[in-house]
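Thanks for asking me to look this one over. My notes follow as numbered points, with the cut-offs given along the way.

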Amino acid sequence: MKDKALMRSKMKRFIARFIVYVFAFGVAVTAFYPFFVMIISSTHDSYDIVARANVLPGTHFAENYARLTQNIELYRGIANSLFLAVVVTAVQCYFTVLAAYGFSKFEFKGKNFLFSVVMVAMMLPGQLGIIGFYKEIQAMNLLNSYIPLIIPTIANCFAVFFYKQFMDGAIPNELLEAAVMDGCGELKMYHRIVLPLMVPALVTQGVMTFIGSWNSYLNPLIILNDKEKFTLPLMIATVRDSTHADYGAQYVGMLVSVIPMVIVFCFASRIIMEKISIGAAVKG
């Protein structure tokens, strides 16, 4: 009887593990499929992309890349997008952590109400205010400038919420109280204690911010009109042949635009795992 019960238990574990593996494999395939389509389509011409579903590589990658570089200043687009993504990530991370620090570690009148406002604002789609945002930027004579693409990103409600939740558990109040007793000022404490302890959260949210800024299309589209200031997604969208969009060249551009994000993600995941390992060792 014990042997039969043990066999049934092993069989149940095997079936459960098999189901988990099948589900994980399905999720992985679903996530990878758009990248597969992008890679394969970058090797075909526009007619093949529109006329049929391609599963095998073609022979037009070099031609597509040549047309892409003839239509747009590819490296200028990469430089513009990289500049915006780095600046937006740095500015947003610094100031949203500062706001989260205030909500997490300070007591002041109206704190809960203000945080509720942040939570409600987090649920509102940004597209609702796009017309008012454009009119405001136009009135301030800031069209065709990177400033409207950088400064408003400071008010990222999800980042404030995310950092506050992380800070509540990762930074004990006793540590900050000890620093105050040692004569540490607020800004010094923020820079030397809070920010270093927030690195795992900073990297996690920073990667999402970087990718969001790198892929941003709508805001640059309505703000920028000088082609030399266009970000890479805007430049890729303008690639055309004599009559219509050049899909082959556009897919090559999308493939090029993915490379920096993959590099950032690889470095970021390494930092996150190192910090988690250090934190586990310290707790142990």
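1. A word on accessibility to begin: buried stands for under 20% relative accessible area, exposed for over 50%, and partly exposed for what falls in between, using a 1.4 Å probe and protein chains only. By that scale Met 254 is partly exposed, at a relative accessible area of 31%. Met 254 has its place in helix α14, which covers residues 247-283. Helices here are DSSP runs of H or I with at least four residues, strands are runs of E with at least two, and the numbering starts at the N terminus.

2. Some ground rules for reading the rest: this is a predicted model, in which local features need pLDDT of at least 70 and side-chain atom pairs count only at pLDDT 80 or more, while totals for chains, interfaces and linings use all residues. Residues are numbered from 1 along each chain as its sequence is written, and side-chain values use heavy atoms, with hydrogens and water left out.

3. Do have a look at the loop between α6 (130-139) and α7 (147-150), where Asn 141 lies. Asn 141 is not a glycine, yet its phi is positive, at about 55 degrees. Asn 144 is found in the loop between α6 and α7 too, and has a positive phi of about 60 degrees although it is not a glycine.

4. Now the aromatic rings. How many aromatic pairs does the structure hold? There are twelve. In the pair of Phe 103 and Phe 108, the ring centres are 6.3 Å apart and the planes stand at 45 degrees, so this pair is tilted. The rule pairs rings of Phe, Tyr and Trp (its six-membered ring) whose centres lie within 6.5 Å; planes under 30 degrees apart are stacked, over 60 edge-to-face, and the rest tilted. Phe 103 is buried at 12% relative accessibility, while Phe 108 is partly exposed at 36%. One aromatic cluster is formed by Tyr 94, Phe 95, Tyr 101, Phe 106 and Tyr 190.

5. There is a charge over a ring as well: Lys 164 lies over the face of Phe 115, at 5.0 Å from the ring centre. To qualify, NZ of Lys or CZ of Arg must be within 6 Å of the ring centre and within 35 degrees of the ring normal.

6. On cysteines, the count of disulfides (a pair of cysteine sulfur atoms within 2.5 Å) comes to zero. The sulfur of Cys 93 has its closest cysteine sulfur in Cys 157, 15 Å away, which is too far for a bond. Cys 93 is buried, at a relative accessible area of 9%.

7. Finally, helix packing. The axes of α4 (residues 74-105) and α8 (residues 157-170) come within 8 Å and cross at roughly 55 degrees, which makes α4 oblique to α8. The axes of α8 and α11 (residues 199-215) come within 10 Å and cross at roughly 160 degrees, so α8 is roughly antiparallel to α11. Axes are lines fitted to C-alpha atoms, for helices over the stretch in contact, with angles from 0 to 180 degrees between N-to-C directions. Angles under 35 degrees count as roughly parallel, over 145 as roughly antiparallel, 65 to 115 as roughly perpendicular, and the rest as oblique.
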